[in-house]
Amino acid sequence: MKWNVQRAAVLGAGTMGSRIAAHLANCGIRSYLLDIVPTELTPEEKKKGLQLSSPAVRNRVARNGLDAALKGRPAALSIDDLAAFITPGNFEDDMPKVAEADWIIEAVTENLGVKRAMLQRVAPFRKAGAVISSNTSGLPIARIAEGFPEEFRRHWLGTHFFNPPRYLHLLEVIPGPDTLPEIVEAVSQFADLRLGKGVVRAKDTPNFIANRIGVFSTCNILRIAQEENLTVEEVDRLTGPALGWPKSATFGTLDLVGLDVLDLVARNLVENAPGDESLEIFRVPEFVTKMMSSGLLGAKTGSGFYKRPKSGSGDTQVLDLQTVEYRVQEKPEFPSLDLAKGIDDVRQRVRMLFECNDRAGHLLWKAIGPVLAYAARRIPEIADRVVEVDRAMKWGFGWELGPFEMWDAIGVEKSVGRMRREGLNVPENVQRMLSSRYTSFYDESGRERRYFDFGSGEYKSVEPLPGVLLLHDGHGAPRVVRRETDASLLDLGDGIACVEFHSKMNAIGPEGVAMLNAGLGELAESFDALVIANQGVNFSAGANLLLLLMQIRDSNWEDIDREVRTFQKMTLGIKYSPKPVVAAPFKMVLGGGCEVALAAPRLRASAETYMGLVEAGVGLVPAGGGVKEMLLRCTEALPAGEELLPAIKEAFNLISRARVSGSAEEARRLRFLRPSDSVTMNPHHLVADAKQTALEMASDGYRAPSPGPRSDIRVAGQAALAELKIGIHIARRGEFITGHDALIAGKIAHILCGGNLTGSSLVTEQYLMDLEREAFLSLCGEPNTQARIEHMLKTGKPLRN
């Protein structure tokens, strides 16, 4: 069954409903966002002379919900213009519009009676064949639709999005007892391809998969915090990136989600899973109850475990869990966590932390050990396989390792031995696995990944996800043509080569540049097209700043000059390759990484691409062709004879302010992406999509933009440079920028205007890149640049000096 959604209706404009509508807009789907009609006027409405019958009043709840989503951070929309795809309305006046919807998503209050009443209201207007689903976080799907007509129930299922829907990959799809298999498959495929979701099929059990495990984990950590008298900062330091969990950790995540949501989901489990052996864990501690009674729910009320200043100035305060009062934030000391920072591999890092015989190791075991055992006991109740549980936790809670993957990293036999010594109950299915001489949940020794199947008592293959091309750790992983520490050259098959970065943060150093040149060489001799892609956390955070800093300290100016020239030659080689080169940027694409992407004749970008030339933030200018490329992109559409200055100012502002896109579509508006570049919604499909793009370019008879670098680039000369310098001077006099900012801005303006040329002229690409290189080298000698680089390496944040 092929299912296409032209129009959706979202019922309920709360935190989730409004953000689901926003994500549908991100995917090009128009929706009606409906909510209740107010019964009273606000003071502002009274001042405006509005009545309860006024449309602005009747749609106020939905409008306010949408406005909250649009103003919230992280941004719900990829670009602001997409708000036009969402039409706010109300249940009284606009319910007939639901008849237009191909997909109706119920997202009202998490209450069984309220949800059933909403379905009763919408059922008469739903067109035959329209899919209707609930975004419930854990209520029984079957009971919500119980008693409704058969045709309704055949098109009814659960579709549980995670907050924020734009960023969290997971969509749990929960069929009801009567849901047509083809509807389940159609919704799953649509969510995968169009919405960019990682779909996990869940059973209709309380809280499904991710919330069942995730809320247990959270409640267990809250219990430990109370028992061990831990601070908010200590808990979040322990349960954040060191463990492979998000930076928001435990309490930061609760502030984002809302304490009321946690309480609701936990109570739902207590009420609907009486046979769960760990029900007491789900009863929230006293400090949570006090916070809720005081309205300290998190971001939605302005204060939660953290209280951040509204103006953006001042210090963030944290809640004292004992007094339930705010205090100044403190940095907790855990020496083993400091040591773990140097371990990039999350499995090695987790193993090291759990082997530590110190306070951090003790607390982590108390926090995580029960979660591992609980997850094992839930099979086959919530899922038949460990695979679905691990995917749900990685995609829905942002864990780098699912619970069974984490257990493997710690060591199953070793941890079970510890459980026994401490008198903890070891799950029976895990005991059976070990007694059968299987010592891990996953077997990665062969070319395909296998998981331990509790039902059959043996390893079975993890089937490859459709449309996903894994560069490593998968069945049929690409052949390695050449490998170095920081980068590799792979054979993707079908005549397509791939250059992959795998350094820390995928920073590009000499090895990365050499591998790109090697890839171009192999492309010329043995392949039809080249893809530049990887499956790390980010495409590339830029050039290797640590190496550059060491060279600056040693005054290795000739080495810096030579490496910049080599980088420039490489980007020109990519741009003018006689065979297609496709780059696949995603997440952070900064500095030198951005320049590599800009050089590629075609981009296949992830929807979440944060792209920019950020060198000014570390006291430098782009020197790999970035300034030149943005000048070309801002001026190339100008008619002959058109004034260049407005286009030059556009490029100048972009580079001097180190502007970074908030999405792929914003990157297109900023000209980092061309109109011909395409976007992939599901990041897991990105490499496969980039390979397909390369195949199509090759089969279509690709021709390079020209035989070699251009020699007809218009520059404006000294008159335009003088105007830009006036603006820089005014900004400096007004103390909007520092002296070093002004120096950098002047260098950027000098390049964009063509250097010392007196009037409008035609120059070559190499001429502009020589200006970039000269400016870069001159700034490397500035003490303020060195200070900025040192600060960036130490803190990850730019320094204003």
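# Notebook: helices, strands and a cavity

I started with helix α5 (residues 112-122), whose buried residues are Lys-115, Met-118, Leu-119 and Val-122. Looking down the axis of α5, I found these buried residues within an arc of 100°, so they line one face of the helix. The arc is taken from the directions that run from the helix axis to the C-beta atoms. I use "buried" for under 20% relative accessible area, "exposed" for over 50% and "partly exposed" for what is in between, with a 1.4 Å probe and protein chains only. Helices (H or I, at least four residues) and strands (E, at least two) are DSSP runs, numbered from the N terminus.

A note on what I'm looking at: this is a predicted model, where local features need pLDDT of at least 70 and side-chain atom pairs count only at pLDDT 80 or more, while totals for chains, interfaces and linings use all residues. Residues are numbered from 1 along each chain as its sequence is written, and side-chain values use heavy atoms, with hydrogens and water left out.

**More on α5.** What covers its buried residues? I noted that the cover includes β1 (7-11), β4 (103-106), β5 (131-134), α6 (141-144), α7 (150-154) and β6 (156-161). Then I checked the N-terminal end of α5, which Asn-111 caps: one of its side-chain oxygens lies 2.9 Å from the backbone nitrogen of Gly-113.

**β1.** This strand turned up in the cover of α5, and I looked at it next. β1 is mostly covered itself, with 5 of its 5 residues buried. Arg-7, Ala-9 and Leu-11 point one way, Ala-8 and Val-10 the other way, and all are buried. I jotted down the general rule beside this: in a regular strand the side chains alternate between the two faces of the sheet. The partner I looked up is strand β2 (residues 30-35), which pairs with β1 in the parallel sense over 5 bridges; two strands pair if DSSP finds at least two bridges between them. Opposite Arg-7 stands Arg-30 in β2.

**His-23.** I found this residue in helix α1 (residues 15-26). Is His-23 buried or exposed? His-23 counts as buried because its relative accessibility is 4%. Setting aside residues up to four places away in sequence, His-23 touches Pro-165, Arg-166, Leu-195, Lys-197 and Met-681. Contact here means heavy atoms within 4.5 Å.

**Ala-373.** This one lies in helix α16 (residues 359-377). Ala-373 has 5% relative accessibility, so I logged it as buried. Not counting residues up to four places away in sequence, Ala-373 touches Trp-407, Met-419, Asn-425 and Pro-427. I followed up Met-419: it is 46 residues from Ala-373 in sequence, and the two are 9.5 Å apart in space, C-alpha to C-alpha.

**Cavities.** How many cavities of 30 Å³ or more are there? I count 2. A cavity is a set of points on a 1 Å grid over the protein atoms alone where a 1.4 Å probe fits but cannot get out, and lining residues have an atom within 4 Å of a point. Grid points are joined across faces, edges and corners, and a volume is the space filled by probe spheres set on the points. The largest cavity holds about 70 Å³ of space. Its lining residues include Ile-221, Leu-230, Leu-238 and Leu-363. The elements giving two or more residues to that lining are α9 (210-227), α10 (232-238) and α16.

**β9, β10 and β11.** Strand β9 (residues 306-307) pairs with strand β10 (residues 317-320) in the antiparallel sense over 2 bridges, and Lys-307 stands opposite Gln-317. β10 also pairs with strand β11 (residues 325-328), antiparallel again, over 4 bridges. There the bridge partner of Gln-317 is Val-328. I marked β10 and β11 as a hairpin with 4 residues between them, and in the turn Val-324 has a positive phi of about 55°.

**An open sheet.** Here 3 strands are set in the order β12-β13-β14, with antiparallel pairing. β12 (442-443) and β14 (458-461) stand at the edges with a single partner strand each, so one side of each is left without a neighbour in the sheet. I found 2 bridges joining β12 to β13 (residues 450-453), and Tyr-442 standing opposite Tyr-451.

**Ala-497.** Last entry: Ala-497 lies in strand β17 (residues 496-501). With a relative accessibility of 0%, Ala-497 counts as buried. Beyond its neighbours within four places in sequence, its contacts include Leu-489, Phe-527 and Val-531.

Terms used: A polar contact is a pair of N or O atoms within 3.5 Å; within protein, one must be able to donate a hydrogen and the other to accept it, and residues adjacent in sequence count only if both atoms are side-chain atoms. On a 1 Å grid over the protein atoms alone, a cavity is a set of points where a 1.4 Å probe fits but cannot get out, and a pocket is an open set with protein on both sides within 12 Å along at least five of seven lines; lining residues have an atom within 4 Å of a point.
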